[in-house]
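The sequence and structure come first.

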Amino acid sequence: MNLSVFKAQSLSPRTWEGTWQAPSNIALIKYWGKHGEQLPKNPSLSFSLSDCVSQTTLAIKPRPKGNEPAFDFYFEGQPKPDFHPKIKVFLERILPYCPWLLEHHLRIDSQNSFPHSSGIASSASAMAALASALVAVEELPREQAIAKASFLARLGSGSAARSIEGPLTVWGADPAVPNSSDLFAVPLAESNYNPIFKTFCDTILLIDRGQKKVSSTQGHQLMDQHPFANARLQQSTLHLQRLLKALQEGDLKSFITIVEAEALTLHALMMTGNSGFILMQPNTLEVLNKVWDFRAKTGLPLCFTLDAGANVHLLYPQKEAAQIESWISSTLKPFCQEGQMIHDRVGTGAKKV
Ligand code: DP6
């Protein structure tokens, strides 16, 4: 696709305010490694969540033309200078696509539905909510607005590209997914997955709510010289093909095999890079083993996935929720920090509030 479609026409100076909500997402096929300007080394696919969201109010007003973006940022009602550098880099990166930023002052007010120190990455939901609000200023036709929101969100945080739509989105060009692109994510068409996947629940076990020792950005960098980089690219492509088939056929057994292989591969890649690191904690391993035991004993379709941290996401269809959630509460709660967990489910993406 030609990048010029994302370039804004000049916008007459205006005062505008809007509020957007965007969800977090959990990758089933993991994005790990990037190149160029936030382009993925491999295709990824995720569930968008429903209740773990960021909500952002953007208010813009005209100002004399400057050389750089001008903004104030508030998190949960308080000024948050710590977040300024990341937002500044993001706004500078999107300048070619939103040149009106140089003629407007922005006030950005953001909040998350999930606890700040939960270890849940908020960059995907936060960047997706901000990108959605920025695109709304431009009043583009719906389809164009969605693609541009994902395109801009990607420039803030790669995985944020996948938080604009739902329930399943793909980011990264792959012949198996029509119209897929490295520049923005696309939703998987409803005819391409069994309805059971729309009912999936995600219980997030908060194993370690502390600050991560290695950021995702540093983790992605390790893929540049990674001894298994080529094998990972081949594997992710094969996993995507197999997962698409499992989604189409409603084949939960294959779904589980691929999703867990992806989670373990992500952490194996972290451990086997040139300066390896481990983000799983002893309780992460306890939980994984308990999930395997439970599945072997009950035959119920419960599986886990991990993001770049110690927390565990437990995925299962709604129709099995009663039995699975009662087991999670009785058996897995002790492995969570202060017994904390979040029950979420699959959702539909960003929306105007
Ligand atoms: C392990 O999107 O947080 O969650 O592009 O540097 O912001 P940046 O990275 P980020 O990486 C997410 C990695 C992951 C897997 C995934 O969500 O696909």
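In this predicted model, four strands form an open sheet in the order β11-β12-β10-β13, with antiparallel pairing. The edge positions are taken by β11 (303–306) and β13, each with a single partner strand, so one side of each has no neighbour in the sheet. From one strand to the next, the twist averages 25 degrees.

Within the sheet, β10 and β12 run antiparallel and are joined by six bridges. Asp202 stands opposite Leu315 in β12.

| Helix | Strands contacted | Angle to β11 |
|---|---|---|
| α6 (residues 252–271) | β10, β11 and β12 | about 30 degrees |

Helix α8 spans residues 321–332, and its buried residues are Ala321, Ile324, Trp327, Ile328 and Leu332. Viewed down the axis of α8, these buried residues fall within an arc of 140 degrees, so they line one face of the helix. An α-helix has 3.6 residues a turn, so residues three or four places apart point the same way. On the other side of α8, Ala322 and Ser330 are exposed.

Technical notes:
Residues are numbered from 1 along each chain as its sequence is written. This is a predicted model: local features need pLDDT of at least 70, side-chain atom pairs count only at pLDDT 80 or more; totals for chains, interfaces and linings use all residues. Side-chain values use heavy atoms; hydrogens and water are left out. Buried means under 20% relative accessible area, exposed over 50%, partly exposed in between (1.4 Å probe, protein chains only). Helices (H or I, at least four residues) and strands (E, at least two) are DSSP runs, numbered from the N terminus. The arc is that of the directions from the helix axis to the C-beta atoms. Two strands pair if DSSP finds at least two bridges between them. Axes are lines fitted to C-alpha atoms, for helices over the stretch in contact, and angles run from 0 to 180 degrees between N-to-C directions. Contact means heavy atoms within 4.5 Å.
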